[in-house]
Amino acid sequence: MRVVGIVLVLVVLATAVATFARRLRVPAPSLLVLAGILVALVPGVPALHVPPQAIALVVLPPLLYASAEELSLRDLRTVWRPVTILSFGLVFASAAAVGYAAVALTGLSPEMAFVLGAVLASTDPVAVTALGRRLALPGRVQVLVQAESLFNDATSLVLFKVAVGIAVAVGAAVSVPVAAGEFLLLGGGGSLVGAAVAGLVWLVRRRTTDPVLETVIALVTPYAAYVLAESAHTSGVTAVVVAGVLLGRSGHRLTDAHIRLQVGAVYAVVVFLLESVVFSIVGLELPTLVRDLPAGTGWWPLQALALAAVLIAVRVLSTLPLTRAIGPGQGRGGLSWRVAGVVTWAGTRGVMPLAAALSIPLVADDGAELAGRPLVLVLTTAVVVFTLVVQGFTLAAVVNRSGLALEPEHTAREEDEARDALNHAALDHVEQLAAIEAAPETALDRVRRALLARLDRSPEGPDGSTADAAYRQLRHEVIAVQSAELHRLYDGHRISDTTRRRLQHDLDREDAALGSP
């Protein structure tokens with residue numbers, strides 16, 4: 001009952017903070033973390049202890065799945081090289097650097113320092129996606145930041161499992177081939193499970209027309225991928241990411257407008273609640289964990305700052321030379337220094353490192369308490385708070401200084417041009433139907449007048465009752481033509497993924513308002 005009360009209070013707090021953050025134009029995740037810390041410092045507030053698997057099992061799958069579904073496969077194909085380099089090379093470099101620094105600065109054993117390095121090696125897709133929604137980045141840059149956070153997250157958590165296995169195996173010799181084999185098994189197995197779940201869900205959704213069932217399937221899919229992968233002793237995170245990426249590209253072909261609108265609305269509520277609660281928990285956890293620290297660890301604030309600086313330095317040193325490794329300039333497939341700067345500063349840590357740290361076992365294989373675990377938890381949470389607050393509050397300024405942010409006029413112009421293209425395609429279809437007299441002239445004329453009014457940017461007058469079956473059928477047909485044209489524009493790289501999603505949402509609303517044909 002106490003846990004339920006805490007969650008309800010967090011939901012109310014998060015709603016108020018998110019509303020306040022929107023008015024101030026500041027990132028909600030960063031403000032939620034600060035609010036959580038302030039609440040935890042209030043006298044009389046009970047200490048919060050989150051079960052190790054609660055976040056990993058309950059919260060992460062839908063948030064990861066939602067982030068993966070938003071990923072544009074079209075743009076991902078253009079940035080796969082930097083994503084691959086960052087998702088593997090940067091993760092290993094960050095883990096090694098943090099591990100060495102932790103041994104030198106904190107006195108942790110090499111095994112636990114390696115665990116800490118693996119935990120902090122990845123950026124967080126939940127935090128990056130939440131922060132990125134506020135930024136008007138070009139499509140490829142947004143996909144680069146988001147895809148890197150998704151895939152390096154999967155890489156680091158697989159590395160984390162290997163590191164934990166070494167830490168709890170007392171006296172066991174570390175074999176590099178065995179560790180590499182386990183890494184490949186976890187990552188490859190998770191990818192196979194995710195692809196299998198995506199294929200099964202695709203087959204089921206093709207035959208589902210009930211909005212309620214479709215919503216349930218959408219909510220269950222990430223949990224199914226995660227649980228099946230973990231049960232098969234592979235990476236659940238990798239499975240969720242792969243399933244989300246594969247299903248996100250084909251979602252518009254599997255459902256109709258009514259179902260897409262309902263699923264989108266439900267998922268938006270779920271994502272908001274989970275993100276809000278989990279970022280508040282990050283702030284609430286820090287004071288609680290600090291109180292549980294053993295004696296002799298009073299230097300943890302400085303140690304956390306040093307580790308955060310190491311992470312940023314490694315990211316800078318790894319990202320800036322990427323411009324030479326990939327190509328001479330952004331226009332020819334490479335990264336400009338401005339893009340490298342944005343990608344560097346977008347490397348916030350968040351929910352994933354915290355969930356991983358909380359899942360560290362309490363005892364080693366011999367039954368003894370796992371030494372260094374409390375300090376690893378505190379350092380992880382402190383670094384997460386630092387990056388969410390410092391980088392989160394300054395990321396928009398970095399993007400604006402880089403000159404990469406799209407001007408509102410650019411986005412509006414792209415949308416207007418795309419709408420005109422859709423209306424021209426619809427008008428051509430109407431004229432073809434009129435030429436062969438395939439629909440009643442009154443219905444054709446009403447639709448024609450509405451399309452011409454949109455092209456002329458003039459308000460549409462009332463077009464009469466929509467109870468006319470022929471009229472509604474024609475409107476549904478015209479919207480289908482516009483939807484096909486929209487995806488043709490997107491596949492031809494003439495519009496961004498953001499514009500495609502926004503216009504598809506408008507078409508879905510228009511289609512749903514017409515009712516059944």
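Mentor: We may begin with burial: a residue is buried under 20% relative accessible area, exposed over 50%, and partly exposed in between, with a 1.4 Å probe and protein chains only. Helices (H or I, at least four residues) and strands (E, at least two) are DSSP runs, numbered from the N terminus. In helix 16, V351, M352, P353, L354, A355, A356, A357 and L358 are buried. Because 8 of the 8 residues of helix 16 (residues 351-358) are buried, helix 16 is largely enclosed by the rest of the structure.

Trainee: What kind of model is this, and how are residues numbered?

Mentor: This is a predicted model, in which local features need pLDDT of at least 70 and side-chain atom pairs count only at pLDDT 80 or more, while totals for chains, interfaces and linings use all residues. Residues are numbered from 1 along each chain as its sequence is written, and side-chain values use heavy atoms, with hydrogens and water left out.

Trainee: Where is confidence lowest, and where is it highest?

Mentor: The term pLDDT denotes the predictor's confidence in each residue, from 0 to 100. The protein has a mean pLDDT of 80, and 86% of its residues reach 70 or more. Confidence is lowest in helix 14 (residues 322-326), with a mean of 53, and highest in helix 10 (residues 211-231), at 91. Over residues 325-334 the pLDDT is below 50, and this stretch has 17 contacts in the model beyond near neighbours in sequence. Contact here means heavy atoms within 4.5 Å.

Trainee: How many helices and strands does the protein have?

Mentor: There are 21 helices and 0 strands. Of the 517 residues, 52% are buried. Among contacts with a separation of 6 or more, 82% are between residues 24 or more positions apart.

Trainee: Is D124 buried or exposed?

Mentor: D124 is buried, with a relative accessible area of 0%. This residue is found in the loop between helix 6 (110-120) and helix 7 (125-132). Leaving aside neighbours within four places in sequence, D124 is in contact with S149, T348, R349, G350, V351, M352 and P353.

Trainee: Which loop holds V363, and what does V363 contact?

Mentor: V363 lies in the loop between helix 16 and helix 17 (373-402), and is partly exposed, with a relative accessible area of 41%. Neighbours within four places in sequence aside, V363 is in contact with V168, A368, E369 and L370. V363 and V168 are 195 residues apart in sequence, yet 7.3 Å apart in space, C-alpha to C-alpha.

Trainee: Which residues line the second largest cavity?

Mentor: On a 1 Å grid over the protein atoms alone, a cavity is a set of points where a 1.4 Å probe fits but cannot get out, and lining residues have an atom within 4 Å of a point. The second largest cavity is lined by V447, A450, L451, R454, R475, V478, I479, Q482 and E510. Helix 19 (441-455) and helix 20 (469-491) are the elements that give two or more residues to this lining.

Definitions and conventions
On a 1 Å grid over the protein atoms alone, a cavity is a set of points where a 1.4 Å probe fits but cannot get out, and a pocket is an open set with protein on both sides within 12 Å along at least five of seven lines; lining residues have an atom within 4 Å of a point.
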